[in-house]
Amino acid sequence: MDNKTKAFVYAFLSRCYQKELDKKAIEDLKSNEELLDLIGPDTKKWFLSNDIEKIEEELNVDFNSAFLINSQPVETLVEDSKGEILVGLQNPVMQFYFNHGYEINMNQTDILAPDHLSIELSFMQNLIYRNEEKAAFEFLKEHMLKWVPPYLIGIKSLVEAPFYKDLADLTIEFLLSDYEELKDKLVGE
């Protein structure tokens with residue numbers, strides 16, 4: 001997959017895990033059958049057979065249930081049994097960002113954790129744009145692949161509509177595929 005497409009997928013996934021989809025995002029998805037195909041056939045069928053208001057309402061319930069009320073997509077919360085969000089350079093993800101010249105301004109986002117799934121996906125998008133393949137490979141290996149697949153498998157039972165179930169599968173497949181692609185490239189060098 002070329003870097004432009006990869007960066008788009010990372011940006012799309014980041015947005016989906018950041019906050020509920022609004023009417024505009026739902027309209028955009030509804031009119032993009034190619035993207036719906038990528039997400040999954042159940043999602044495509046569901047989007048095309050329901051009106052925007054119903055989709056928005058059900059996705060809002062699913063998002064809040066899966067990512068706010070019952071769990072949060074934050075690496076330190078998933079990885080650390082203390083249930084604390086580590087901030088600053090005591091957070092291993094923040095340390096990784098810092099070591100690779102990536103500054104996040106937590107004041108510019110509603111997300112309060114630097115190791116939130118949305119921010120980690122955004123970081124990967126940034127690494128792809130900057131052609132920092134070694135750092136992307138290391139981040140996937142040291143961080144994302146350790147917690148994201150089991151976390152997303154777990155949230156699938158918390159949602160009703162097919163969108164977040166299919167999105168979880170897409171995210172896992174995409175991360176694993178990108179990891180393998182980067183591994184093959186970097187081992188050959």
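Leu-176 is found in helix 10, and helices here are DSSP runs of H or I with at least four residues, while strands are E runs of at least two, both numbered from the N terminus. Leu-176 is partly exposed because its relative accessible area is 41%; buried means under 20%, exposed over 50%, and partly exposed lies in between, with a 1.4 Å probe and protein chains only. From C-alpha to C-alpha, Leu-176 and Met-144 are 9.8 Å apart, though 32 residues separate them in sequence.

Before I go on, a word on where this comes from. This is a predicted model, in which local features need pLDDT of at least 70, side-chain atom pairs count only at pLDDT 80 or more, and totals for chains, interfaces and linings use all residues. Residues are numbered from 1 along each chain as its sequence is written, and side-chain values use heavy atoms, with hydrogens and water left out.

Let's stay in helix 10, residues 162-187, where Tyr-164 also lies. Is Tyr-164 buried or exposed? Tyr-164 is buried, because its relative accessible area is 0%. Which residues does Tyr-164 contact, leaving aside neighbours within four places in sequence? They are Cys-16, Leu-21, Leu-59, Asp-62, Phe-63, Phe-67, Ile-155 and Val-159, where contact means heavy atoms within 4.5 Å.

Now over to helix 1, residues 3-18, for Lys-6. Lys-6 counts as buried because its relative accessible area is 1%. Not counting residues up to four places away in sequence, Lys-6 touches Met-1, Ile-128, Phe-174, Asp-178, Glu-181 and Leu-182.

Asp-22, Glu-27, Asp-51 and Glu-53 form a negative surface patch. Patches are made of residues with over 30% relative accessible area and no salt bridge, with like charges joined within 9 Å and nonpolar side chains (Val, Leu, Ile, Met, Phe, Trp, Tyr) within 5 Å. A salt bridge is a side-chain nitrogen of Lys or Arg within 4 Å of a carboxyl oxygen of Asp or Glu. One of the patch members, Glu-53, sits in helix 5, residues 52-69, and is partly exposed because its relative accessibility is 47%.

Finally, the whole chain. How many helices and strands does the chain have? There are 10 helices and 0 strands. Of the chain's 189 residues, 47% count as buried. Among contacts in the chain with a separation of 6 or more, 67% come from residues 24 or more positions apart.

Conventions. Areas by Shrake-Rupley, 256 points an atom, 1.4 Å probe, with all protein chains shown as cover. Lys, Arg positive; Asp, Glu negative; His and termini not counted. Charge placed at Lys NZ, Arg CZ, Asp CG, Glu CD.
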